[in-house]
Amino acid sequence: MEELYRSYYRYAFSIAYRMLGTVADAEDAVQDCFAELQRREPGGIQNMKAYVAKGITNRCLNMLSSARSRRETYVGEWLPEPVSEADDGPEASAERKDTLSYAFLVLLERLTPTERAVFVLREAFQYEYDAIAEMVGKSESNCRQIFSRAKRTLQARPSSALQPAAGNGTSREQLLRRFTAAFTAYDVGGMLELLAEQPVLIGDGGGQEVHTILRPMAGRKGVLALLTSRRVLKQMREWEIAMDWINGEQNLVFRQQGVVRAVLCLALDKSGEQIQELYLMMAASKLGHV
């Protein structure tokens, strides 16, 4: 059992994290899966990887159903929990690393639990439809329809997550440096050059943990006003700002005396030269894995 745990823990976690969006819930799903496996005879399982995937998927579907009602009463916007590259988790065994990006996780929140399961298993882990059908308890043709419906839902609202930005790590690093300089200097002109035509900024303060932006801000005028305001987000400029690997990409981490206070994840447009989406996490309860 210890050998199975070492072999499949990271794989199981990578599925659960994409399904649930929080580390604690993903870890709970993995622990439950292996506890159930310990109660039965593993020797009779022909395909352990598929068995683990099915067990994790079923647990995540149950957890997502109950999580939906909690998120409906959440004060402000609910965003997934970011993880750093040092976290011994989802990056380690992902077959499609672009599906770990923060923008991709946010995108998945638009789907129903079943749509999310089918889409993650197909898009992130490249499972065939017959295997997915076995995991979610649907027919193969139904899974194809669910995947197509999920993709239409995601494409109905513009996002860079389904269309990875062009460019390389160096250009992203340069953009992050320019953003940091413009943000700390209240530089309207510099910030305007970095924003796409229709940027979106979403903040998560943990319900009522931290006072932050309660509703998404869309459009250049509003996002620019927030990012260059001398009243809003003022405290963030007093913290140490560093570039770190968050969800498989370089993003910005804000620390106060070594303690992580905020994470800002940026999604670029198709050109890779302007910022399309900004996700600001300030909930202390969601910053423990950065």
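Trainee: What should I keep in mind before reading the model?
Mentor: It's predicted: local features need pLDDT of at least 70, side-chain atom pairs count only at pLDDT 80 or more, and totals for chains, interfaces and linings use all residues. Residues are numbered from 1 along each chain as its sequence is written, and side-chain values use heavy atoms, with hydrogens and water left out.

Trainee: OK, rings then. How many aromatic pairs are there?
Mentor: The count is 11. Rings of Phe, Tyr and Trp (its six-membered ring) pair if their centres lie within 6.5 Å; planes under 30 degrees apart are stacked, over 60 edge-to-face, and the rest tilted.

Trainee: How do phenylalanine 119 and phenylalanine 147 pair up?
Mentor: They're stacked, with 5.3 Å from centre to centre and 15° between the planes. Phenylalanine 119 is in helix α5 (residues 113-124) and phenylalanine 147 in helix α7 (residues 140-156), so the pair links distant parts of the chain, 28 residues apart. Helices here are DSSP runs of H or I, at least four residues, and strands are runs of E, at least two, numbered from the N terminus.

Trainee: Which residues form the aromatic cluster?
Mentor: Tyr5, Tyr9, Phe13, Tyr17 and Phe34 make up one cluster.

Trainee: And where does the charged end of arginine 230 sit?
Mentor: Over the ring of tyrosine 186, 4.0 Å from its centre. Lysine 49 also lies over a ring face, that of tyrosine 11, at 5.0 Å from the ring centre. The rule is NZ of Lys or CZ of Arg within 6 Å of the ring centre and within 35 degrees of the ring normal.

Trainee: Switching to salt bridges: how many?
Mentor: There are 11, each a side-chain nitrogen of Lys or Arg within 4 Å of a carboxyl oxygen of Asp or Glu. One of them joins glutamate 109 to arginine 116, with the closest N and O atoms 2.6 Å apart.

Trainee: How accessible is arginine 116?
Mentor: Arginine 116 is buried at 2% relative accessibility, whereas glutamate 109 is partly exposed at 25%.

Trainee: What does glutamate 193 bridge to?
Mentor: Arginine 178, at 3.5 Å, N to O. Glutamate 193 sits in helix α9 (residues 188-194) and arginine 178 in helix α8 (residues 169-184), so the bridge ties together parts 15 residues apart in sequence. Glutamate 193 is exposed, at 54%, and arginine 178 is partly exposed, at 42%.

Trainee: What about disulfides, how many?
Mentor: The count is 0, where a disulfide is a pair of cysteine sulfur atoms within 2.5 Å. Cysteine 143 is buried at 0% relative accessibility, and cysteine 265 is buried at 2%.

Trainee: Last topic: how many residues of strand β6 are buried?
Mentor: In β6 (residues 275-281), 7 of its 7 residues are buried.

Trainee: In which sense do β1 and β6 pair?
Mentor: Parallel, over 6 bridges; strands pair if DSSP finds at least two bridges between them. Glycine 203 stands opposite leucine 280 in β6.

Trainee: And how does β5 pair with β6?
Mentor: Strand β5 (residues 259-268) is antiparallel to β6, over 6 bridges, and alanine 267 has glutamate 277 in β6 as its bridge partner. β5 and β6 form a hairpin with 6 residues between them, and glycine 272 in the turn has a positive phi of about 75°.

Definitions and conventions: Buried means under 20% relative accessible area, exposed over 50%, partly exposed in between (1.4 Å probe, protein chains only).
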